[in-house]
Amino acid sequence: MQTAHADGGGGFTYDIVISHLEQDGSALIGSTYLGGTGTDGQNANAANYGDNYRGEIIIDYDNNPIIVSGSQAPDFPCYSYSLSDN
C-alpha cells in the first residue's frame, strides 16, 4: 500500500505504508510510513501486471520486520546491514 503526498515542487511522491494488525485482522495495532524525498515502493523494472507496486514484508525469527521494495529516493533510510548502492 502506498500514500501520495505533495513533494513541494508541484508534484507528488509516494511512500510505503506499513501497518500492524491483530492476528485475526480485527484491529489496527499501529501504522506508519517509510520513505525518502523521492518515490518509494514503486518497482521500475515491472514485467507483470501488479509488479509496479509489489513489495514484501516478512517477520524474522526475532520478530523483526524485513521490508523489501524499491526506492527512487537518494535519502531513503537504510541501515548498514541493508542492501544499498550507497
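This is a predicted model: local features need pLDDT of at least 70, side-chain atom pairs count only at pLDDT 80 or more; totals for chains, interfaces and linings use all residues.
Two strands are said to pair if DSSP finds at least two bridges between them. Strands (E, at least two residues) and helices (H or I, at least four) are DSSP runs, numbered from the N terminus. Residues are numbered from 1 along each chain as its sequence is written, and side-chain values use heavy atoms, with hydrogens and water left out.

The protein has zero helices and five strands, and its elements follow the order β-β-β-β-β from the N terminus on. Of its 86 residues, 13% count as buried, where buried means under 20% relative accessible area, exposed means over 50%, and partly exposed lies in between (1.4 Å probe, protein chains only). The accessible surface comes to about 6,900 Å², and carbon and sulfur atoms hold 51% of that area. Such areas come from the Shrake-Rupley method with a 1.4 Å probe, and for residues only the protein chains shown count as cover. Among contacts (heavy atoms within 4.5 Å) with a separation of 6 or more, 39% link residues 24 or more positions apart.

Strand E4 covers residues 56-59 and strand E5 covers residues 65-68. The two run antiparallel and are joined by four bridges; Ile58, for instance, has Ile66 in E5 as its bridge partner. Five residues sit between the strands of this hairpin. Asn63 counts as exposed because its relative accessibility is 64%.

Ile57, Ile59 and Ile67 make a nonpolar patch of about 260 Å². Patches are made of residues with over 30% relative accessible area and no salt bridge, joining like charges within 9 Å and nonpolar side chains (Val, Leu, Ile, Met, Phe, Trp, Tyr) within 5 Å. A salt bridge, in turn, is a side-chain nitrogen of Lys or Arg within 4 Å of a carboxyl oxygen of Asp or Glu. Ile67 has a relative accessible area of 34%, so this residue is partly exposed.

Ser19 is partly exposed, with a relative accessible area of 43%, and Leu21 is partly exposed at 47%. Leaving aside residues up to four places away in sequence, Ser19 touches Leu28, Gly30 and Ser31. The side chains of Ser19 and Ser31 are joined by a polar contact of 2.8 Å. A polar contact is a pair of N or O atoms within 3.5 Å; within protein, one must be able to donate a hydrogen and the other to accept it, and residues adjacent in sequence count only if both atoms are side-chain atoms. Ser19 and Thr32 lie 13 residues apart in sequence and 6.5 Å apart in space, C-alpha to C-alpha. Leu21, with neighbours within four places in sequence set aside, is in contact with Ala27, Leu28 and Ile29.
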